[in-house]
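Here is a short briefing on disulfides and helix packing. Look at the structure first, then work through the points.

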Amino acid sequence: MLKKYTKKMSRFQTERERERERDRQTDGDRVEGLPNHCHEKVISIFPNAIFHTQTTRSWDFMGFPMNIPRNIPVESDTIIGVIDSGIWPESDSFNDQGLSPPPLRWKGACEGGENFTCNNKLIGARYYNLFTPNKNTSRDDTGHGSHTASTAAGRPVDANFYGIAGGIARGGVPSAKIAVYKACHGTDCYGVDLLHAFDDAIADGVDLISISVGGKYPNLESDPIAIGGFHASERGILVVQAAGNDGGKATIGSVAPWIFSVAASSTDRAIITKVTLGDGKTYIGKSVNSFSLHGTSLPISYGDETRCHKDVARSCAKGCLEPSAVKDKIVMCNNYAGIDEVSRVGGLGVIAYVSSSDVSYVVPTAASSLNGDDFNSIQSYYNSTRSPIAGILASEAINNTDAPHVASFSSRGPNPFIPDILKPDITAPGIEILAAYSPSVSPTNDKRSVPYSILSGTSMSCPHVTGAAAYVKSFHLDWSSSAIKSALMTTASRMDASKDQLAEFSYGAGHVDPRKAIDPGLVYETSTEDYINLLCNSGYNTAKLRQLFTINSSCNGVNAPKDMNYPSMTVRVSGTSFSENFTRKVTNVGVQNSRYEVKTSTSSDYRIVVNPTILTFRALGETQSFEVSISGKINGYLVSAYIEWTDGVHTVRSPVVVYSNNSINEPIFSWAHSIGSNKIFYLFLAFLVNYI
């Protein structure tokens, strides 16, 4: 027995070696090693996989300025639980000047370890180290947790990264409380620790959970974040999760409908690094480069005098570069990863090739990454010049007129486990975000120490939505977690599908707009029973669902997954021609007496009919049902459509997506990426009938 949970979720864990698992014998439904009276409460057995953390102009870009109207008394009592790599409690972003004490309903504790102090901003801290027993602190040792926590709820601080991206770094709800649950050490987050963190966060009384962590798993039943997230949702706690950083279609890692899944996109500020050549030409590359060469042009080295074959050396592979050959030179690398190697052996600068040039990352030496055309031009200059030279300038911020655009690294749909539920749900800023950092660790592989750093990832977009959700909640304490999620999705800004072939599979309902979300007009309420009905239709039986969801529910009269009352509408069809229907109901949260008319997108590829076309409400809280019919033919990856309900003041928009197996191939998921040791730890989960 490794761990037993006794709060909101009851379960136990035990360890098996790989060899024992291979030899494991079953007898009917009996699980080896478990007493007969215990195995009936076991929900699932799955590897305790290692999950990974996913990596301020942004709030202003969302139309959310510092002086936006706030409900400060309620915001100050809102508690955001952050499950991540810990926090740097001394950061200015977490100062508690002028803040009220924790609300009386708070049941958590400050158990952050030695020399760790909480305050009226950072009101709670816990750490989990079942497989890392020497890690006895909630203190952030990667910078990731401090970054995400401050993005969601950090205090306003005048900050920059060595003069780059200077301005006010702040969270969405600067007055809100933060409770930290350190389940990640380095970039690894064990499933056992994640479940323990969920258990504590629910019992402690947080209002929302932000988790910028993801992994690969074969089904929902084996996903500790989905399991922990459901129990949080059942208690009225909205869980916001990063979509993942794997890029490409059908790579989405956050798939459960009760979890708010967030993609990453750009803002109107981009960070660039210019490269100058001896022929007078200048190229614009990407990096966060704080190093100055003082305007000096240096000789270029490109696979010269190396320890490896020239083609390998030109990728700047580890161990290939001869230090004497790159000293006081700028090195060209065919691989972005070569930047670290050049820095290690003493090169003064790097010009690196990168396939996707939409993101700038912090670099350990003067460096700039360029796309294929520009890199090839510099190659031609090198090959045609007797003594080629180059210069690399310090980074600068420019206006990005293409924003918002979904990042190339952002994981995309369709949903691999529930094909008729659209994922991700929404997108938010996740590129080149300045926020708090841990001074105990360098932002790259060097000796620098910074209080604020620039990171990119869905890890960064996730806390933007967490902060936005907390802002909405501060105006609507009586709203359910699904109502808050619906408000943010149906008021999201429309994205341009012509810029992204995967359209809604990249950005969900659109780009988050917190200001509009506090007054959405109508919301789609999704209940626990709705989630259970969906899973009943996905192969789960009544007995297992009762154990998993701890309520007395049965799989009777199940609706199709596409008809779950979700703010988006999605269906997978078998061919290219289709005719499909969706049923939905909306709840009036706007004006007591209101009349909404429907508007739909139009295209030669499809026809949408909504019945009825008018919804009339005479009371707040009143619900009305409607049906959406769509027919047509898929040309390309998917049909990207929408419906809008409007009363002249509110616009309630829902994406409508139709796709086929023929247009998007589903990936094969493997455990190999997730397991990083010579053991597999098996996690046995047993839930009591009721919460304790």
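The link of Cys 308 and Cys 320 is left-handed, with -95 degrees about the S-S bond. Cys 308 sits in the loop between strand 18 (298–301) and helix 7 (310–313), and Cys 320 in the loop between helix 7 and helix 8 (323–326), so this pair ties together parts that are 12 residues apart in sequence. This is a predicted model: local features need pLDDT of at least 70, side-chain atom pairs count only at pLDDT 80 or more, and totals for chains, interfaces and linings use all residues. Residues are numbered from 1 along each chain as its sequence is written, and side-chain values use heavy atoms, with hydrogens and water left out.

**Disulfides**

- A disulfide is a covalent bond between the sulfur atoms of two cysteines.
- Here the rule is a pair of cysteine sulfur atoms within 2.5 Å, and by it the count comes to 4 disulfides.
- The sulfur atoms of Cys 308 and Cys 320 are 2.0 Å apart.
- Cys 316 is joined to Cys 333, S to S 2.0 Å.
- That link of Cys 316 and Cys 333 is left-handed, with -90 degrees about the S-S bond.
- Cys 316 lies in the loop between helix 7 and helix 8, and Cys 333 in strand 19 (residues 330–333), so the pair ties together parts that are 17 residues apart in sequence.
- Cys 184 and Cys 189 form a disulfide with their sulfur atoms 2.1 Å apart.
- The link of Cys 184 and Cys 189 is right-handed, with 105 degrees about the S-S bond.

**Buried or exposed**

- Buried means under 20% relative accessible area, exposed means over 50%, and partly exposed is in between (1.4 Å probe, protein chains only).
- Cys 308 is partly exposed, at 29%.
- Cys 320 is buried, at 3%.
- Cys 316 is buried at 2%, and Cys 333 is buried at 0%.
- Cys 184 and Cys 189 are both buried.

**Helix 4 and helix 11**

- Helices (H or I, at least four residues) and strands (E, at least two) are DSSP runs, numbered from the N terminus.
- Helix 4 (residues 144–153) and helix 11 (residues 458–475) pack at about 30 degrees, with their axes 7 Å apart.
- Axes are lines fitted to C-alpha atoms, for helices over the stretch in contact, and angles run from 0 to 180 degrees between N-to-C directions.
- The contact (heavy atoms within 4.5 Å) involves residues including His 144 and Thr 148 in helix 4, and Met 460 and Pro 463 in helix 11.
- No charged residues take part in the contact of helix 4 with helix 11.

Key: Ala, Val, Leu, Ile, Met, Phe, Trp, Tyr, Cys and Pro count as nonpolar, Asp, Glu, Lys and Arg as charged, and the others, Gly among them, as polar.
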